[in-house]
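Hi there,

Here is the structure I promised to pass on to you. Have a look at it first, and then read on for what turned up.

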Amino acid sequence: MADGARIRTNPSTSATVVGYGYRSHDATVHCGRVVANTQWYYHKNDTTGLSGWSRYDVLIPLIEVRDC
């Protein structure tokens, strides 16, 4: 996860930000979805306990992710 990665309520840059992720945080990615040609991942920030959506450029899973 990139430092300051926005965690959102929905897979959209206009969705509400519920928190932020940082390189030092662990995350569990549950699934992914392509919206408007952009890959999004639904995940839980294991460090803060927040769940939400982040874009592919700030959260890169280490394993294959199923579709939401």
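Strands here are DSSP runs of at least two residues marked E, numbered from the N terminus. One of them is strand β5, which covers residues 51-55 and holds S54. Please keep in mind as you browse that this is a predicted model.

Let me start with S54. Its relative accessible area is 1%, and since buried means under 20%, S54 counts as buried. A polar atom of the S54 side chain lies 2.9 Å from the backbone oxygen of R6.

Next come the cysteines. A disulfide is a covalent bond between the sulfur atoms of two cysteines. The count in this model comes to 1 disulfide. C31 and C68 form it, with their sulfur atoms 1.8 Å apart. The pair links distant parts of the chain, as C31 sits in strand β3 (residues 27-35) and C68 in the segment after β5, 37 residues apart. The link of C31 and C68 is right-handed, with 90 degrees about the S-S bond.

Are the two partners buried or exposed? C31 is buried, at 8% relative accessibility, whereas C68 has a relative accessible area of 39% and is therefore partly exposed.

Best wishes

Terms used. Residues numbered from 1 in each chain as written. Predicted model: local features only at pLDDT ≥ 70, side-chain atom pairs only at ≥ 80, totals over all residues. Heavy atoms only, no water. Helix = DSSP H or I, 4+ residues; strand = E, 2+ residues; numbered from the N terminus. Buried < 20%, exposed > 50% of the residue type's maximum accessible area, 1.4 Å probe, protein only. Polar contact = N/O pair within 3.5 Å; in protein donor to acceptor, adjacent residues only side chain to side chain. Disulfide = S-S within 2.5 Å.
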